[in-house]
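Have a look at the structure alongside them.

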Amino acid sequence: MFPRRPPAGLAAWLAGARGGGLLGLLANQCRFVTGLRVRRTQQIAQLYGRLYSESSRCVLLGRLWRRLRGRPGHASALMAALAGVFVWDEERIQEEELQRSINEMKRLEEVSNIFQGSGVERHPPESKSQTEGNEELKDKEQPWEMVMDKKHFKLWRRPIEGSHLYQYRVFGTYTDVTPRQFFNVQLDTEYRKKWDALVIKLEVIERDVVSGSEVLHWVTHFPYPMYSRDYVYVRRYSVDQENNVMVLVSRAVQHPSVPESPEFVRVRSYESQMVIRPHKSFDENGFDYLLTYSDNPQTVFPRYCVSWMVSSGMPDFLEKLHTATLKAKNMEIKVKDYIPAKPLEMSSEAKATAQSSERKNEGSCSPARIEYA
């Protein structure tokens, strides 16, 4: 028996090993194996894409993500290979985030007289029970610094730990528009394209049927000579009619259908929480609002320049929002209503029936007090 001649591929492989060394050989092998696995994963994704609907694929990928979340490297490789599906289980705004913003408004109302009439204290008060009972939180959070003090508008800022950025907080009051009108104008993306001249693009990318969260792509002009910025963020709002409060929470996310563009600078760090407390009701003039905001505009300017831009840009935006609300009110411009209608008044017989039904079901489940879009 004569020895069998090695295949041509094996001979070339051995020649490469002799010429390039063992490290080069291992690198080539790793690239080969990685390429095979990526192609195999893409083939599996295409197969499941033909077999299952988009909603079914989202559920399947959500389960895989939760299983692989604790294994470094595996989850990111899987999601990169299966690009094109947004995992809502990881990115949706949770009810706890909404409630946290509402609790902050309640806490401020309890320990101060910030929102009585048109007066606003010069410093956001800190709850004694919170600051004294949690020394670690006290050490991490910096004190608020007054930036702007007007009759119906107060602006503070404080440094964000571990960065050169600031977090901003606004307390304000409007008495000539209703909370419903102000809230709807904020949420209506089509109307904003008309009243905000800085908007280049603003559209809803995807909606979550479970929570009502939405992913939006927003492209906006920045002051010359800076490039325009674009934001990809998820938002969720709620209207608590029982406690007479509204809340809107937004934060930056990554979405596979909106990759970064060389035409714009992507803002990857962005958070905003707006809480509105009507003076009387949603449909009567007068309300107070609490806005907490932070982002990283990805500029090379010094810290004080960025702070000046945000400190001047935020009042300007709120005034434009207020003016757009007045215009919609006075000119009767049609704006989408995001607030659920109040329930109809029930007769005494219907109320008695409902009360007896509530007694039967008492303890089985808690009533849903916040209605989500």
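1. Start with Asp337 and Arg180: in this predicted model their side chains form a salt bridge, 2.8 Å from N to O. The two partners sit 157 residues apart, with Asp337 in the loop between α10 and α11 (348-361) and Arg180 in helix α8 (residues 179-187).

2. Asp337, at 43%, counts as partly exposed.

3. Next, Arg251 and Glu97. Their salt bridge has its closest N and O atoms 3.0 Å apart, and both residues are buried. This one also links distant parts of the chain: Arg251 belongs to strand β7 (residues 245-252) and Glu97 to helix α5 (residues 95-111), 154 residues apart.

4. Asp196 and Arg192 make another salt bridge, at 3.1 Å from N to O, and both are buried. There's a network to check as well, linking Asp89, Arg92 and Asp208. The total comes to 17 salt bridges.

5. On to the packing. The largest nonpolar core has 42 residues, and those touching the most other members are Val170, Phe183, Met274, Ile276, Tyr289, Met314 and Leu318. Helix α10 (residues 303-330) gives this core its largest share, six residues. Apart from it lies another core of 20 residues, including Val215, Val247, Val258 and Leu290.

6. Ile276 is worth a click. Beyond its neighbours within four places in sequence, Ile276 contacts Pro179, Phe182, Phe183, Gln186, Asn244, Val245, Met246, Phe287, Asp288 and Tyr289.

Terms used. Residues numbered from 1 in each chain as written. Predicted model: local features only at pLDDT ≥ 70, side-chain atom pairs only at ≥ 80, totals over all residues. Heavy atoms only, no water. Core = buried A, V, L, I, M, F, W, Y, C linked by side-chain atoms within 4.5 Å. Buried < 20%, exposed > 50% of the residue type's maximum accessible area, 1.4 Å probe, protein only. Helix = DSSP H or I, 4+ residues; strand = E, 2+ residues; numbered from the N terminus. Contact = heavy atoms within 4.5 Å. Salt bridge = Lys/Arg side-chain N within 4 Å of Asp/Glu carboxyl O.
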